[in-house]
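Morning, everyone. Let me put the structure up, and then we'll go through it piece by piece.

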Amino acid sequence: MIKLRSEDLEKAVIEIREKGEKLAKSEATYEYLKSMIKVRKAELILENANNGMTYKDRECMAESHSDITQMHKNIRISKEEVIKLRHQIDSIKESCNLFRTESANERGEKKLYGELG
């Protein structure tokens, strides 16, 4: 069973706080990249407006542009970081919850046997 001391719990809270800050930055980056890909795609479509291409052709050309493909890779990396940090925070919280449950069980047993008074 998990045995944590109060110092371990304090470290867990600090770690949640630190990972929460990283998560916020990662989510902000992810949202920024998602909006910037739309802006860049629109710029590419407008740049080719007078080339006699249909809108669908310009859209396909923009989607396959190297800037857009690189942005898709960066979005994937950013989303992976967000998911990873969320899972790490959830794991820390779950460990703390297990400790809390175990501590409550121990207190209940001590009370039952009269050790707490």
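I'll start with a term: a salt bridge here is a side-chain nitrogen of Lys or Arg within 4 Å of a carboxyl oxygen of Asp or Glu. R40 and E43 make one, with 3.3 Å between the closest N and O atoms.

Some ground rules. This is a predicted model, so local features need pLDDT of at least 70 and side-chain atom pairs count only at pLDDT 80 or more, while totals for chains, interfaces and linings use all residues. Numbering runs from 1 along each chain as its sequence is written, and side-chain values use heavy atoms, with hydrogens and water left out.

Now the overall fold. The protein chain has three helices and zero strands. Helices (H or I, at least four residues) and strands (E, at least two) are DSSP runs, numbered from the N terminus. From that end, the order is α-α-α.

How much of the chain is buried? Of the 117 residues, 22% are buried. Buried means under 20% relative accessible area, exposed means over 50%, and partly exposed is in between, with a 1.4 Å probe and protein chains only.

Next, contacts. A contact means heavy atoms within 4.5 Å. Take the contacts in the protein chain with a separation of 6 or more: 72% of them join residues 24 or more positions apart.

On to the core. Which residues form the largest nonpolar core? There are nine: Y30, L33, I37, L44, I45, A62, I68, M71 and I75. The elements giving two or more residues to this core are α1 and α3. Helix α1 gives the most, with five residues. By nonpolar core I mean a set of buried Ala, Val, Leu, Ile, Met, Phe, Trp, Tyr and Cys residues joined through side-chain atoms within 4.5 Å.

Look at I37, in helix α1. I37 counts as buried because its relative accessibility is 8%. Leave out residues up to four places away in sequence, and I37 touches I68, M71, H72 and I75. I37 and M71 are 34 residues apart along the chain, yet their C-alpha atoms are separated by 6.5 Å.

Now Y30, also in that core. Beyond its neighbours within four places in sequence, Y30 contacts I75, S78 and K79. K79 lies over the face of the Y30 ring, 4.8 Å from the ring centre. The rule for a charge over a ring: NZ of Lys or CZ of Arg within 6 Å of the ring centre and within 35 degrees of the ring normal.

S26 is another residue in helix α1. S26 has a relative accessible area of 12%, so it is buried. Setting aside residues up to four places away in sequence, S26 touches S78, E81, V82 and L85.

Back to the charges. How many salt bridges does the structure hold? It holds 10.

R40 counts as buried, at 18% relative accessibility. E43 is partly exposed, at 37%. This pair belongs to a network of salt bridges linking R40, E43, E47 and D67.

Next, E80 and R76. Their side chains meet in a salt bridge at 3.0 Å, N to O. These two are four residues apart in helix α3 (residues 66–112), which means about one helical turn lies between them. E80 is partly exposed, at 44% relative accessibility. R76 is partly exposed too, with a relative accessible area of 48%.

Last pair: E81 and K84. The closest N and O atoms of this salt bridge are 3.4 Å apart. E81 and K84 are three residues apart in helix α3, so again the separation is about one helical turn. E81 is partly exposed at 28% relative accessibility, and K84 is partly exposed at 42%. E81 is also one of the residues that S26 touches.

That's the tour. I'm happy to take questions.
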